[in-house]
Every structure is written in structure tokens, then in C-alpha cells.
Amino acid sequence: MTPHPPSSQPILYSFYRSSCAWRVRLGLHLKNIPFETRPINLLTEENKTAEYKTIHPFGAVPAFLEANSQGPALVESVAILEYLDETRPALEKLLERTAGKYSYGDSITMADLLLVPQFYNGVRFEVDMSAYPIMSRINNELETVPAFQAAHPTKQPDCPPELR
Ligand SMILES: N[C@@H](CCC(=O)N[C@@H](CS)C(=O)NCC(=O)O)C(=O)O
């Protein structure tokens with residue numbers, strides 16, 4: 001095994017029946033993240049080789065390496081799952097399944113109340129929100145609803161005049 005040949009996809013060092021690697025595979029598939037599996041055979045102790053220990057110092061699976069990265073790899077399955085959640089937020093994927101006119105079907109729900117302020121912050125911090133077309137469409141829809149217009153920061157009495 002050649003350690004770290006770069007890949008255009010994230011790499012998961014994995015053994016097919018390792019429960020720790022399995023949970024990371026689940027996270028990757030649930031988030032629809034394309035990845036390459038590099039099998040590490042625990043039965044032949046491939047994980048104990050000096051080569052593999054350059055990837056995972058304790059010689060265990062899983063290890064996760066970002067696309068086009070030379071390392072270091074991330075280790076510890078729960079930490080990898082947390083990292084995936086922080087770097088690949090899932091809301092747009094969820095909306096694919098739940099959205100109608102609004103976030104959950106055709107009635108305004110609490111999900112919409114949470115969405116709009118976060119969308120506004122995304123714009124404020126110059127996140128490219130066009131990467132989230134469903135969220136953008138719903139946000140545009142909600143901007144036409146009087147309650148959302150009245151609650152908007154620019155309509156608040158303490159909003160500085162230059163921001164109104
Ligand atoms: N706490 C680690 C545990 C990793 C671990 O123990 N993996 C097992 C497979 S489930 C392994 O690689 N065992 C091989 C060995 O320790 O020799 C994690 O969650 O990633």
C-alpha cells in the first residue's frame with residue numbers, strides 16, 4: 001500500500017466489518033458525500049504496518065483524509081462524524097425530502113422560523129447561498145409573508161438608519 005496517494009475524493013481507510021469504519025461509512029452515505037474506500041485488512045494486520053501507521057499512528061481503522069490532502073488524516077470515528085457534520089451541513093439535503101412551498105410542506109412551520117435568520121446571517125457573512133437552491137427558494141417565498149417582513153431586522157426600531 002502506498003500511503004497518501006492524493007485523491008480527488010475524500011478517502012476512508014476502512015475494513016469491511018469494522019463497526020467504527022461502518023458508522024463513518026453511514027455518515028458519508030447519509031450526506032451523499034462521494035468517497036474512495038481504501039481497505040485495510042485487519043486480519044492480515046495491514047493496520048500494523050509502518051506504512052499504515054503514517055496514516056493512523058495507533059494502527060486502527062477508520063481514518064479519513066480530505067480530497068487532495070497529503071494529511072494528516074483524521075482519526076476516531078466519532079470525531080470524523082462530527083467533522084463531517086461541521087463541514088457538510090445537511091439542511092439542503094433534508095429539504096430535498098421535506099420541502100413544499102416552505103421547509104416542511106406547504107404550511108409555515110418552526111423550521112421556517114429557524115431558517116430565515118440563519119439564511120440572513122449566511123448572506124451577511126458572504127456565504128454563497130446560491131449553492132443552496134431549495135433554501136434560497138424558500139427564503140424568497142418567506143420574504144413575501146407579512147409576518148416575516150415585520151420581524152425582519154431592518155424593520156426593527158433599534159436598527160441603525162443606514163441599514164434600513
Ligand atoms: N475509538 C476508535 C476505535 C478504533 C478501533 O479500535 N478500530 C478497530 C476496528 S472497529 C481496529 O482498527 N482494530 C484493529 C486493532 O486495534 O488492531 C474509533 O472510534 O475510531
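This is a predicted model: local features need pLDDT of at least 70, side-chain atom pairs count only at pLDDT 80 or more; totals for chains, interfaces and linings use all residues.
Leaving aside its neighbours within four places in sequence, which residues is Met 129 in contact with?

1. Position of Met 129. Met 129 lies in the loop that connects helix H5 (110-124) with helix H6 (133-142). Its relative accessible area is 11%, and Met 129 therefore counts as buried, the cut-off being under 20%.

2. Contacts of Met 129. Beyond the neighbours within four places in sequence, Met 129 touches Phe 119, Gly 122, Val 123, Met 135 and Ser 136.

3. An open sheet is formed by 4 strands in the order E2-E1-E3-E4, with mixed pairing. E2 and strand E4 (74-75) are the edge strands; each has a single partner strand, so one side of each lacks a neighbour in the sheet. As a general point, strands of a sheet pair through backbone hydrogen bonds, in either a parallel or an antiparallel manner.

4. The parallel pair. Strand E1 (residues 11-14) and strand E2 (residues 36-39) run parallel and are joined by 4 bridges. Within this pairing, Leu 12 has Thr 37 of E2 as its bridge partner. Together with helix H1 (residues 19-30), E1 and E2 make a β-α-β unit, which is right-handed.

5. The antiparallel pair. E1 is also joined to strand E3 (residues 63-65), here by 3 bridges and in antiparallel fashion. Ile 11 has Leu 65 of E3 as its bridge partner.

6. The ligand shell. Which residues surround the ligand? They are Ser 18, Ser 19, Cys 20, Arg 23, Leu 42, Asn 47, Lys 48, Ala 60, Val 61, Pro 62, Glu 76 and Ser 77. The largest share of this shell, 3 residues, is contributed by H1, the helix that also belongs to the β-α-β unit with E1 and E2.

7. For Ser 77, a side-chain N or O atom is 2.6 Å from a ligand oxygen atom. For Asn 47, a polar side-chain atom lies 3.1 Å from an oxygen atom of the ligand. In the case of Glu 76, the ligand atom is a nitrogen, 2.8 Å from an N or O atom of the side chain. On its own the ligand has 510 Å² of accessible area, of which the protein covers 66%.

Conventions. Residues are numbered from 1 along each chain as its sequence is written. Side-chain values use heavy atoms; hydrogens and water are left out. Two strands pair if DSSP finds at least two bridges between them. Helices (H or I, at least four residues) and strands (E, at least two) are DSSP runs, numbered from the N terminus. A crossover is right-handed if, with the strands pointing away from the viewer, the path from the first strand over the helix to the second runs clockwise. Buried means under 20% relative accessible area, exposed over 50%, partly exposed in between (1.4 Å probe, protein chains only). Contact means heavy atoms within 4.5 Å. A residue is near a molecule or strand if one of its heavy atoms lies within 4 Å of it. A polar contact is a pair of N or O atoms within 3.5 Å; within protein, one must be able to donate a hydrogen and the other to accept it, and residues adjacent in sequence count only if both atoms are side-chain atoms. Accessible areas come from the Shrake-Rupley method with a 1.4 Å probe; for residues, only the protein chains shown count as cover.
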